[in-house]
Amino acid sequence: MIGDVLSYLYVNAKIMAKEGKFISSARWEDLWGCTSPGEIASLLEGTDYSPYLNEAAINEAKELERAVLEEFSDLGREISKIIPKGAWPIKEYLLRKWDIINLRTAIRGIHGGLRKEETLDSFIEGGELDFNFFKTLIDAEGMDDFVVLLAKTPYQSLSEGLAKYNETRNLFFLESSLDKIFWEDLWLKVLKLRGIKEFRDFIGVCVETHNLKIILRAKDDALALEDIDPFLIPECTLLNELLPAFDEEDLSGLISLLEDTIYFEPLLSAQAEHERTGSILSFEEVLDSLVIKRAGDIRKKKPFGQGPLIGFLVSKETEVKNLLAIVRSTEVDLDRDEIRESVMRKQWKSP
Amino acid sequence: MELSTGIVLAIIGAAISMGVAAISAGIGVGLAGIAGAGVISEDPKKFGPILVLQALPQTQGIYGFLGAVLILIGVGVLGGEVKEIPIGMGYAALGGGIVIGLSSFTAIAQGAISASGMGAVAKRPETFGQAIVLAVMAETFAIFGLLIAILIFVGTKIMGG
């Protein structure tokens, strides 16, 4: 107990100071009224994002998006340096996330046939892999070539999703494979490690929501269990309930199997919207909100130690996601009210 | 010079009063200092309120010092000639020192409260007053300890005898 308090004292004080610089509710309201990157950038003055706002970011949404992501990446690196040594999986969580983001960018670039320079510009520095390695990835001639280049990296098992991708041309298989590598590796590590109970609880919820999203999407797309099985993360108790019934039950039947879990109520509440819109996003949104809520609960339960750090990381990620949604909404003709409603639903105010 | 048992006991009392209080206050100030460094690294402008919160656990150290000085003056080790005091009075001085020493442990809790308060102030500067009040709550028990020690000293004529 005392050890926990002591080792996280500096980190927690620092992150609470950082929380003081989060975008306030009043500023969020103003941000929603913005119609250009310049307006958004002016409202971000005085926040942690302001040092990243260069001339290009003020004029172009894509550059502003990049500025926000760079701030987020630098923050991850900063925190990873001050995390107590015993909590190294949190450091991995912070850094490897950027490898995944960059690999996803590369995959999408290859899939969408983007110009190499365009993909290169979208990479964000900050992961565990050497940043120059990503520059070599854009030379890949196709997806097969890309996966070959990943040999000898922790992401070489992406080849598991390649066959399905080549068969269907559906990015879902490659992206799910990438997510699986990230979450499975982290999950198996935190399961073995003692002294990081709160982080393990948090990763546990992330793993369960990852599996649930795949299962629900597969059911919605009428995929067979064998199609998604390689992308599910093992050592997850939810799978024991859901997988045996996957082929027999429909979507609502699968949800009803979750009755004794924290996922049942949110998924049940999203069912009506799913029936109305036919979009699986309604389920994914409530699951994302659940992860945010869970992080808040962990923080309240454990005000010293890892609790505040987990709460901070999730609330910062939510802030970044919401900010990116606003920046992107200035770029394309989307229903702002709808985005706003979705964003606000996910917003979590730290205690 | 040969010291009587009573004097030796009184000196041990003074040592406990100062020594234990120094350790406790040091830990408390240390806890608050670590958190303070975290806050200042993000926002150097908060140095003022952080310093106030960090100083709070120091007071137990001052109580320990005060208790030790009172004992040493009372038995003549400081500011006069060493008195011949009965063993009973020596035990009383030792008791007073122990009370102050033990009650100074509150500085450790106060340091933790101050550290949390610094986080709260960093996040919401308007909570500074509340953070002080919360930290001061732990202080009251150290004051009670000092008060009891003074009563012991007065009652046994170590002070004012």
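Q: What makes the pair Lys123(B) and Glu19(A) a salt bridge?
A: The side chains of Lys123(B) and Glu19(A) come to 3.2 Å, N to O, and a salt bridge is a side-chain nitrogen of Lys or Arg within 4 Å of a carboxyl oxygen of Asp or Glu, so the pair meets the rule. This is a predicted model, in which local features need pLDDT of at least 70, side-chain atom pairs count only at pLDDT 80 or more, and totals for chains, interfaces and linings use all residues; side-chain values use heavy atoms, with hydrogens and water left out. Residues are numbered from 1 along each chain as its sequence is written, while chains are lettered from A and ligands numbered from 1 in the order in which they are written.

Q: Why is the pair Lys123(B) and Glu19(A) said to join two chains?
A: Lys123(B) lies in helix α5 (residues 106-123) of chain B, whereas Glu19(A) lies in helix α1 of chain A, so the pair joins two chains. Helices here are DSSP runs (H or I, at least four residues), as strands are (E, at least two), and both are numbered from the N terminus.

Q: Why are Lys123(B) and Glu19(A) called buried?
A: Buried means under 20% relative accessible area, exposed means over 50%, and partly exposed lies in between (1.4 Å probe, protein chains only). Lys123(B) has 11% and Glu19(A) has 4%, so both residues count as buried.

Q: How many salt bridges are counted between chain A and chain B, and which one involves Lys14(A)?
A: The count between the two chains is four, and Lys14(A) pairs with Glu42(B), their closest N and O atoms being 3.3 Å apart. Lys14(A) and Glu42(B) also belong to a network of salt bridges with Lys18(A), Lys21(A), Asp48(A) and Glu78(A).

Q: What is the buried area between chain A and chain B, and how much of it is on carbon and sulfur atoms?
A: Buried area is the accessible area (1.4 Å probe) that two parts lose on being put together, summed over both; for chain A and chain B this is about 1,300 Å², with 65% of it on carbon and sulfur atoms. On the chain A side, Leu9(A), Tyr10(A) and Met16(A) lose the most area to chain B, together 36% of what that side buries. The contact (heavy atoms within 4.5 Å) takes 16 residues from chain A and 15 residues from chain B.

Q: Why is the salt bridge between Glu65(A) and Arg328(A) said to tie together parts of the sequence?
A: The closest N and O atoms of Glu65(A) and Arg328(A) are 3.3 Å apart. Glu65(A) lies in helix α5 (residues 61-82) of chain A and Arg328(A) in helix α18 (residues 306-331) of chain A, so the pair ties together parts that are 263 residues apart in sequence.

Q: Which of these two partners is buried and which is partly exposed?
A: Glu65(A), with a relative accessible area of 13%, is buried, whereas Arg328(A), with 39%, is partly exposed.

Q: Why is the ring pair of Phe131(A) and Phe134(A) given the class it has?
A: The structure holds 14 aromatic pairs over all chains. In Phe131(A) and Phe134(A) the ring centres are 6.3 Å apart and the planes stand at 50 degrees, so the pair is tilted. The rule pairs rings of Phe, Tyr and Trp (its six-membered ring) if their centres lie within 6.5 Å, and calls planes under 30 degrees apart stacked, over 60 edge-to-face and the rest tilted. Both residues lie in helix α8 (residues 131-137) of chain A, three residues apart, about one turn of the helix. The rings of Phe133(A) and Phe134(A), by contrast, have centres 6.0 Å apart and planes at 65 degrees, so that pair is edge-to-face.

Q: What makes Lys219(A) a charge over the face of Phe246(A)?
A: Lys219(A) lies at 4.6 Å from the ring centre of Phe246(A), and the rule asks for NZ of Lys or CZ of Arg within 6 Å of the ring centre and within 35 degrees of the ring normal.

Q: How do you know that Ile158(B) is buried, and which residues does Ile158(B) touch?
A: Ile158(B) has 3% relative accessibility and therefore counts as buried. Its place is in the segment after α6 (128-155) of chain B. Leaving aside neighbours within four places in sequence, Ile158(B) is in contact with Leu70(B), Ile71(B), Gly74(B), Met89(B), Ala92(B), Ala93(B) and Phe153(B).
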